[in-house]
Amino acid sequence: MESCLKLKHFLFARSAIKLDIGEMRSLSQTEFNYVTCGSSLKLAHVRTGARLHSHEVKYGSNGGSSGQNSITAVSTQIDPNSMWKVVAASGAADCASGELIPCGSQIRLKHVATGCMLHSHGQFRSPLSKNQEVSGVGCPSSPNLGPTPDNDPADDWILVCQYSSDYWMRDDKIALQHVETKKYLHHNMQSIYQRPIEGQKEVCGVPYNDDNSKWVAQEGVYVKRKDLSHNARRENDEL
């Protein structure tokens, strides 16, 4: 009889542990389903799978280009130069780490490796397609020479969510619309660079939001959303 009671107690405890682990996984999935302020991530182009990329390779300073760090799309998933950090828009209060990002809000993307901001401007043309140039600017390798280098509104982008009406979800397709010029961050497979960045593809700004202007969050370091309830925090601590 005693051995039977011990077995029942063991099976009950084991089932309780499974339930706790399941609840913890469910809670963790909820916490990390969002792209939050302070998260560092790679943006994948939905149609091609290419990652938004930058480096210290500059556009030419003649032929209508800016001479700033170039922005491209690359096929590999493992290049660290494709990592971007989500930060507050220029002139806005810093968004707290883990803060949810409302759809329709303005953000900046800071290139992790160089420290440059994703930037655009109406006066320069992209080298291959002759659309609006998108560049990396505001770091030692590509300084912002404008009047407000640390608060340049040309670094601001509007987050356009395709499905969600509330906050940026990791699995949602998004578009990024440049605040000043209204152009959308765009890529296709037709404009391919040769040396010194052979095989990388052009990223530019266009006046329309089509399938080639859709991106989705992929690999990254995601900061846990900070709006968990007190009970959820307590249960997570207990687990």
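Which cysteine does a disulfide join to Cys 37? The partner is Cys 95, with an S to S distance of 2.3 Å. By disulfide I mean a pair of cysteine sulfur atoms within 2.5 Å.

A word on the source. This is a predicted model, in which local features need pLDDT of at least 70 and side-chain atom pairs count only at pLDDT 80 or more, while totals for chains, interfaces and linings use all residues. Residues are numbered from 1 along each chain as its sequence is written, and side-chain values use heavy atoms, with hydrogens and water left out.

The count is 3 disulfides. Back to Cys 37 and Cys 95: their link is left-handed, with -115° about the S-S bond. Cys 37 sits in the loop between helix H1 (2-31) and strand S1 (40-45), and Cys 95 in the loop between strand S4 (84-88) and strand S5 (106-111), so the pair ties together parts 58 residues apart in sequence. Helices (H or I, at least four residues) and strands (E, at least two) are DSSP runs, numbered from the N terminus. Cys 37 is buried at 6% relative accessible area, and Cys 95 is partly exposed at 21%. Buried means under 20% relative accessible area, exposed over 50%, partly exposed in between, with a 1.4 Å probe and protein chains only.

Next, Cys 103 is joined to Cys 161, S to S 2.1 Å. Cys 103 is in the loop between S4 and S5, and Cys 161 in strand S8 (residues 157-161). Cys 161 is buried, at 14%.

Then Cys 116 and Cys 139, whose sulfur atoms are 2.0 Å apart. Both cysteines, Cys 116 and Cys 139, are buried.
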